[in-house]
Amino acid sequence: MAPLEGAAAGKGLPDSGSPRLFTWEEIALRNGRGPPPGDRWLVIDRKVYDISRFHKRHPGGSRVISGYAGQDATDAFTAFHLDQTLVRKHMKSLLIGELAPHEPSFEPSKNISPQKLLIEDFRELRSTVEKMGLLKPNQLFFFLQIIQILLLDAAGWFVLRYFGASVNTLIISTLLLTLAQSQTNWLEHDLGHLSVFSTRKRNRLVHEFVMCQLKGLSAEWWCRHHSQHHAKPNCFLKDPDLDLHPIPLSLGETPSRELGMQKKKYLPYNHQHQYFSFVLPPIVVPVFQLFSLYYMFKHKLWREIAWTVVYFVRFFTLFAPILGVTGALGYLILLKVTDSIVFVWISQSSHIPMNIDYDDNVDWFSAQLQSTCNVNQSLFNDWLTGHLNLQIEHHLFPTMPRHNYWKVTPFIKSLCAKHGIEYQSKTLFTGFSDILRSLKIYGEVWFKAYYQEQKASTPSQEGSS
């Protein structure tokens with residue numbers, strides 16, 4: 001479709017005050033890569049917004065909003081914002097027009113059956129979820145989560161304080177404190193997703209306290225990083241969780257094939273399923289710790305720095321008298337490692353085995369279902385994973401309190417069955433083994449491409465040339 005002329009081409013009608021009108025073709029060109037270079041537009045409910053400058057000041061970070069440049073961001077906008085009316089008021093300065101009357105509400109690639117019907121069905125489901133009150137938190141549930149964390153933390157210290165430091169007491173204490181840190185991961189995750197309180201401000205303030213005081217990490221850094229993951233999960237170059245590619249892992253079949261054809265070998269990726277357990281799980285949280293401290297000082301987050309100082313002072317005040325200063329430092333590092341191992345295996349069992357590729361701009365429902373999978377629901381799995389065994393539900397409704405995930409599951413399964421989309425759920429240990437199985441597949445894809453005699457063009461390369 002050729003770009004519209006006159007008012008429709010963005011010239012506007014100043015005298016009449018008519019809105020500027022645009023086509024999907026024009027919007028698709030404003031994806032940040034040009035032409036024109038640097039222009040970033042997106043669409044929300046048929047309204048066209050220019051985020052070319054704003055994306056750097058976006059509260060959730062530049063990448064989370066830039067990932068939708070040139071696209072329809074309606075469902076993502078609805079998923080992330082609690083008070084959409086308030087946010088829209090702040091967006092008025094970014095509004096430059098709307099879609100031309102003859103333009104469909106959906107992008108051309110999504111305005112055909114069955115994609116169009118799927119989008120409509122999901123939006124109807126979203127409306128049902130809101131009417132059922134499934135986005136409203138249960139304050140007692142989250143209060144009990146805090147009590148659980150404090151009891152586990154206190155018990156871990158109590159064992160060492162009253163029974164002395166021995167191999168057995170260190171093992172018991174480490175188990176209790178690792179569980180405390182793991183449960184804190186899930187609570188701060190709830191707060192970061194604005195699912196504990198009804199207002200953004202209260203969620204952010206308590207999230208800062210929990211993240212900095214109980215874990216020593218930056219809440220602001222986490223929110224920016226994690227929101228980007230949710231905006232475009234498993235989309236290469238847009239999901240920061242995939243920054244692990246190509247060091248230390250080769251992820252996804254297409255990126256792995258391209259890496260091999262470029263003759264790049266930073267590590268023996270054909271053995272990554274063998275070295276993964278010893279390389280990545282133990283170091284993620286310790287690396288987060290170092291980067292988090294750097295981020296806080298770089299951005300002068302003085303309140304976060306103050307809370308983090310309290311975290312370290314509290315830890316050494318409690319454990320240095322028992323283990324000595326050097327022993328307490330070593331124990332802190334050990335706890336970061338054990339926390340990291342639990343976190344990586346649980347969090348990545350729902351993503352690494354799923355489709356990892358470049359952004360192909362599919363609808364919100366399809367994007368989440370092809371990039372996430374569940375671990376079967378049970379009381380133990382729910383508790384151990386902080387209900388993140390229900391990743392599909394969480395990704396479709398990021399602000400939904402986790403105690404309501406199971407209530408929306410039947411609706412999601414029904415929608416999947418209607419549209420022929422697989423709803424994947426597996427046992428906990430199958431989820432763990434699928435990480436290694438997928439890494440082996442990606443490594444083999446890289447190996448074949450790396451050692452072939454001549455490079456052959458791939459569809460993704462042909463499409464980008």
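**Helix α8 and its neighbours**

R204, H207, E208, M211 and C212 in α8 meet A219, W222 and C223 in α9, a contact being heavy atoms within 4.5 Å. By class, this contact has five nonpolar, one polar and two charged residues (Ala, Val, Leu, Ile, Met, Phe, Trp, Tyr, Cys and Pro count as nonpolar, Asp, Glu, Lys and Arg as charged, and the others, Gly among them, as polar). The model is a predicted one, where local features need pLDDT of at least 70 and side-chain atom pairs count only at pLDDT 80 or more, while totals for chains, interfaces and linings use all residues. Numbering starts from 1 along each chain as its sequence is written, and side-chain values use heavy atoms, with hydrogens and water left out.

As for the geometry, α8 and α9 pack at about 110°, their axes 9 Å apart. That puts α8 roughly perpendicular to α9 (the class for 65 to 115 degrees). Helix α8 itself runs over residues 200-215, and its 16 residues reach 21 Å from first C-alpha to last, close to the 22 Å expected at 1.5 Å a residue. After α8 comes G216, with a positive phi near 75°.

Much can be said about burial too. Among the buried residues of α8 are N203, V210 and L214, buried meaning under 20% relative accessible area (1.4 Å probe, protein chains only). Their cover includes α6, α7, α9, α11 and α12.

Turning to the cysteines, the structure holds zero disulfides (pairs of cysteine sulfur atoms within 2.5 Å). C212 is in none, and the nearest cysteine sulfur, that of C223, lies 10 Å away. C212 is also buried, at a relative accessible area of 0%.

Technical notes. Helix = DSSP H or I, 4+ residues; strand = E, 2+ residues; numbered from the N terminus. Expected span 1.5 Å × (residues − 1). Buried < 20%, exposed > 50% of the residue type's maximum accessible area, 1.4 Å probe, protein only. Axes fitted to C-alpha atoms, helices over the stretch in contact; angles between N-to-C directions. Parallel < 35°, antiparallel > 145°, perpendicular 65-115°, else oblique.
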